[in-house]
Amino acid sequence: ATVSVLYCPPPPMSAEYLRKKEIPIIIDDLIQKVIANKPDDVLNFLINELDEVATLKSWITSDDRFKILNFNFNEIQIRYWTRVDKKTYKKCPVKELETNTLPTSIWPASFPFSEFLTHFDDFKGKRVLELGSGVGLVGLVAAKMGAAHVALSDMSISSVALCEMSSDLNKLPSSSVSSHQLVWGSDRDIKNLIKQQPNEELFDYVIGADVFYFRNSLKAGMQTAWAALKPGGTFICVSAVRSNEMDDALHSLPNEMGWLEPNEPFHVECSAEHEGMIHESFDGILLFEWVKPHNTRMA
């Protein structure tokens with residue numbers, strides 16, 4: 001029998017792409033596995049070919065729009081994959097990279113939050129969930145600060161691929177860092193994520209950097225954080241102040257939903273090395289801390 005699949009080319013404009021673009025080819029390696037009667041090898045090959053995350057990871061490593069960058073602060077060193085070029089390729093066969101670019105880049109609050117966390121010792125031995133991980137920088141800093149386990153999450157499958165790649169760069173085992181696709185406000189998604197945790201244990205902390213832009217997304221994110229946290233658990237959110245409307249929502253909606261706010265929000269400073277990421281139109285970067293109360297249902 002002949003087994004054929006559609007060839008997934010490397011990034012456009014490379015010589016190999018020009019030679020092979022849009023040409024279905026027979027995968028010789030797979031055929032040899034079939035002929036050699038190695039069903040396990042065939043199965044693994046097909047799983048890898050059909051795994052969207054694996055496909056994205058394979059593409060990103062050879063796409064010149066993505067680079068490995070370094071975060072070095074207060075003796076914490078993180079290497080991470082991120083998108084450094086916003087241009088799009090119309091013929092890129094991996095459509096996710098062309099239509100959903102926001103989660104694949106670093107956002108302004110990520111650097112000051114990451115710097116802040118290098119002085120934050122409360123994660124030691126704790127379980128941490130990051131919402132809207134993007135490239136995973138903030139969550140990886142939390143892992144380096146001694147968290148027992150960090151679950152990186154984002155609704156974008158591209159983000160999941162980048163988070164896995166960045167975890168591998170920092171030689172962080174799956175026992176300490178995992179990556180998940182998670183839609184806020186989805187009971188099914190958060191339940192599935194919890195089921196994947198040891199003993200289905202809830203989290204001590206939820207964190208997020210620059211993840212809320214609209215009131216509806218804020219409410220959905222707060223619902224997901226509530227479902228993920230143990231009673232008494234803490235949600236730490238750092239956000240660039242972009243508009244009065246969103247600033248008002250961040251100050252009022254969590255209280256309306258039943259969260260406790262033990263401390264007033266405060267501005268988080270950024271080192272000179274990263275301050276260029278903070279747009280002049282932003283009125284600073286604010287850190288919010290909300291606590292899930294004991295024996296209380298969300299309003």
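1. About 40 Å³ of space lies in the largest cavity of this predicted model, a cavity being a set of points, on a 1 Å grid over the protein atoms alone, where a 1.4 Å probe fits but cannot get out. Volume here is the space filled by probe spheres set on the points, which are joined across faces, edges and corners. The structure holds 1 cavity of 30 Å³ or more.

2. Lining residues, which have an atom within 4 Å of a point, are Ser239, Ala240, Val241, Arg242, Ser243, Met246, Asp247, Leu250, Leu286 and Phe288 for the largest cavity. The elements that give two or more residues to this lining are S9, H11 and S11, and H11 gives the most, with 3 residues. Helices (H or I, at least four residues) and strands (E, at least two) are DSSP runs, numbered from the N terminus.

3. Strand S9 also belongs to an open sheet of 7 strands with mixed pairing, in the order S7-S6-S5-S8-S9-S11-S10, where two strands pair if DSSP finds at least two bridges between them. Strands S7 (177-181) and S10 (266-267) stand at the edges with a single partner strand each, so one side of each is left without a neighbour in the sheet.

4. Within this sheet, S5 (residues 127-131) and S8 (residues 203-209) run parallel and are joined by 4 bridges, and the partner of Leu129 in S8 is Val206. Strands S8 and S9 also run parallel, with 6 bridges between them, and Tyr205 stands opposite Thr234 in S9.

5. S9 is largely enclosed by the rest of the structure, because 9 of its 12 residues are buried, that is, under 20% relative accessible area, whereas exposed means over 50% and partly exposed lies in between (1.4 Å probe, protein chains only).

6. Glu75, in the loop between strand S3 (66-73) and strand S4 (76-83), has a phi near 70°, a positive value in a residue other than glycine, and it counts as exposed at 81% relative accessibility. Lys171, in the loop between helix H8 (157-169) and S7, has a positive phi of about 55° although it is not a glycine, and Lys171 counts as exposed at 73% relative accessibility.

7. Residues are numbered from 1 along each chain as its sequence is written, and side-chain values use heavy atoms, with hydrogens and water left out. In this predicted model, local features need pLDDT of at least 70 and side-chain atom pairs count only at pLDDT 80 or more, while totals for chains, interfaces and linings use all residues.

Notes
On a 1 Å grid over the protein atoms alone, a cavity is a set of points where a 1.4 Å probe fits but cannot get out, and a pocket is an open set with protein on both sides within 12 Å along at least five of seven lines; lining residues have an atom within 4 Å of a point.
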